[in-house]
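This report goes through one model by region. The sequence and coordinates come first, and the notes follow.

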Amino acid sequence: MKGIILMVITNIAVVVLLSIVASIFGANQTTLSGLIIFALIFGMGGAFISLAISKWSAKMMVGAEVIENPRNSTEQWLLETVQQQAKKSGVGMPEVAIYDSPDMNAFATGMNRNNALVAVSTGLLNGMNKDEVEAVLAHEISHVANGDMVAMTLVQGVVNTFVILLARLVGHFVDGFFREEGDDSSAPGLGYYITSIVAEIVFGILAMPIVMWFSRLREFRADAGAAKLEGANKMIHALQRLQQAHTGEMPAQMSAFGIHSSQTTGIIQQLFSSHPSIDDRIAALRQQA
C-alpha cells in the first residue's frame, strides 16, 4: 500500500511539474504551435522523467534491496559476476539488488549505461543453477550495454507525443463541429476535453504494438549479447528453465524490462507482448550458435 501511495504522489508531482513547464513555454492548446509544444513537453518530458527516476521507482515497486556489503557467498558471487560482465561489456558497474518474489525474473533499468540497476528475484536465485543465473545476468547487462533503457524511452516519448498531438487535434475538430453558430470563443469546450481523452486512449492502444515490437527486438539483441558473454548454451538452458517454471507478472511499469513476460498465444496478444515467445528466442540463439 505504501508503494502505491508513493507512486500516486510521484505521478501527481510529475503532472504538476510538466504543467508548470508547459505554462513557462507558452504551450497554449488553442494554437497549433502551442499544441505541438504541449505534446512534446508531456510526451517526451514524461518519458524522460520516468527514465530519470526509474531506479528509484523500480526499487520501490518490487522492494529490491541493493547489495552494498555482501552478507553471504551468494551476494558476493552476484557482485563479482556482474562486475566481470560489466567490464567485458564496457559499462560502469551497476547497482546489484535482490527482491523477494517466488517468480523467476530479473530486470535492468537506469538513466544510462554507467548508472544502471540490475535486480534478480529470490525465485530466480533459488530455481536456477549458477550457469543459468550467469546467463540471465548477462542478458540484463546486455540491455545496459545496448542502451536499451534510453532507446525505449525515446521510442515511447515519440509515440506519446504523436498520440497527445493527434488526440487534441481530433478534439479541436469535434469541438468546432458541434459549436453553436456564431460562437467565436477560442477557449475549448466540453466536447474538446471529452473527445481528447477518448481519442488519446484509442490512439494509445493503437500505437502500443509499435512500442512492443521495438521491445521484442531488444530482447533478441539482449539474448544475443548474453550468448557472447556467457555462451549460447547457457542462455538457452536459462530460457528453458523459465519456460518450465510457473511464472507470474511483474508490476506493469517493469514488465518490459524483465527477463520474460507471461506467454501469449493469440496473434493480437502477441502484438501487445513486450517479449517474444521463449520458443522464438531459443530458435534465434540456436541459429546464432
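## Helix α3

The buried residues of helix α3, which covers residues 54–62, are Ser54, Lys55, Ser57, Ala58, Met60 and Val62. Buried stands for a relative accessible area under 20%, exposed for over 50%, and partly exposed for values in between, with a 1.4 Å probe and protein chains only. Helices are DSSP runs of H or I with at least four residues, strands are runs of E with at least two, and both are numbered from the N terminus. Gly63 follows α3 and has a positive phi, near 70°.

## Basis of the values

This is a predicted model, in which local features need pLDDT of at least 70 and side-chain atom pairs count only at pLDDT 80 or more, while totals for chains, interfaces and linings use all residues. Residues are numbered from 1 along each chain as its sequence is written, and side-chain values use heavy atoms, with hydrogens and water left out.

## Annotated binding site

An unreviewed UniProt entry lists His139, His143 and Glu219 under "binding site". UniProt positions are given in the numbering used here, feature names are shortened, and the annotations may be inferred rather than shown by experiment. The three listed residues span 81 residues in sequence, yet no two of their C-alpha atoms are more than 8.4 Å apart, so they gather at one spot.

His143 sits in helix α6 (residues 130–145) and is buried at 1% relative accessibility. Beyond its neighbours within four places in sequence, His143 is in contact (heavy atoms within 4.5 Å) with Asp148, Met149, Arg218, Glu219 and Ala222. Glu219 belongs to helix α8 (residues 190–230) and is buried too, with a relative accessible area of 0%. The side chains of Glu219 and His143 are joined by a polar contact of 3.2 Å. A polar contact is a pair of N or O atoms within 3.5 Å; within protein, one must be able to donate a hydrogen and the other to accept it, and residues adjacent in sequence count only if both atoms are side-chain atoms.

## Nonpolar cores

A nonpolar core is a set of buried Ala, Val, Leu, Ile, Met, Phe, Trp, Tyr and Cys residues joined through side-chain atoms within 4.5 Å. The largest one has 42 residues, and Leu78, Val120, Leu124, Met128 and Val133 have the most contacts inside it. Helix α6 gives the most to this core, with 8 residues. A second, separate core of 9 residues includes Ile41, Phe42, Ile164 and Leu165.

## Helix α8 and its surroundings

Helix α8 has 41 residues and reaches 58 Å from its first C-alpha to its last, close to the 60 Å expected at 1.5 Å a residue. That expected span is 1.5 Å times one less than the number of residues. A kink of about 35° lies at Ala207, shortly before Pro209; the bend is the angle between axes fitted to the seven residues ending at a residue and the seven starting there. Just after α8, Gly231 takes a positive phi of about 100°.

Gln288 lies in helix α11 (residues 278–288) and is partly exposed, at 39% relative accessible area. Not counting residues up to four places away in sequence, Gln288 touches Ala224, Ala227 and Lys228. The C-alpha atoms of Gln288 and Ala227 are separated by 8.8 Å, although the two residues are 61 apart along the chain.

## Loop between β2 and β3

Ser101 lies in the loop between β2 (95–99) and β3 (106–112) and counts as buried at 14% relative accessibility. The side chain of Ser101 reaches the backbone nitrogen of Asp103 at 3.3 Å.
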